[in-house]
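Here is a short report on one protein model. Start with the picture, then read on.

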Amino acid sequence: MSNMKLLAALMAALALSGCATVNTIAPENNRVKISINGYDSHCRSIPRIYSGVAHNLCTLAGQPNVSANAKSNLQWLLVDTALSAAADTIMVPYTVMQQIEKGNIQVNR
């Protein structure tokens with residue numbers, strides 16, 4: 001049974017490493033790169049409050065993408081948005097303070 005717990009923990013760690021909330025909670029130099037399949041987002045900044053959800057919405061606000069991977073990317077993005085919404089909700093007290101102190105996060109600059 002401990003092997004199953006280890007596998008579950010590893011899967012959770014892998015999932016969180018791609019989670020938009022994790023990527024935006026403490027961005028280096030107050031900047032994040034938002035792109036999908038090499039196409040940058042048109043967003044210039046995102047709020048720190050619910051930054052994971054905002055990150056994913058900005059991922060959709062880029063060049064139109066008609067690649068074969070577009071459907072699987074969209075499915076992953078929907079799953080990540082749901083998980084990010086839950087994580088963002090937990091992080092609201094922290095992100096409110098960060099929003100007051102530091103303002104929005106800059107995107108692709």
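## Contacts of Cys43

Leaving out residues up to four places away in sequence, Cys43 touches Cys58, Ala61 and Val107. Contact means heavy atoms within 4.5 Å.

This is a predicted model: local features need pLDDT of at least 70, side-chain atom pairs count only at pLDDT 80 or more, and totals for chains, interfaces and linings use all residues. Residues are numbered from 1 along each chain as its sequence is written, and side-chain values use heavy atoms, with hydrogens and water left out.

## The disulfide

How many disulfides does a search of the whole structure find? It finds one. A disulfide is a pair of cysteine sulfur atoms within 2.5 Å. Here Cys43 and Cys58 form it, with their sulfur atoms 2.1 Å apart. Cys43 lies in the loop between strand E3 (39-40) and strand E4 (45-46), and Cys58 in helix H3, so the pair ties together parts that are 15 residues apart in sequence. Helices (H or I, at least four residues) and strands (E, at least two) are DSSP runs, numbered from the N terminus.

The torsion about the S-S bond of Cys43 and Cys58 is about -95°, so the disulfide is left-handed.

## Buried residues

Cys43 counts as buried at 16% relative accessibility. Cys58 counts as buried at 6%. Buried means under 20% relative accessible area, exposed over 50%, partly exposed in between (1.4 Å probe, protein chains only).

Eight of the ten residues of H3 are buried, so H3 is largely enclosed by the rest of the structure. Among them are Ser51, Gly52 and His55.
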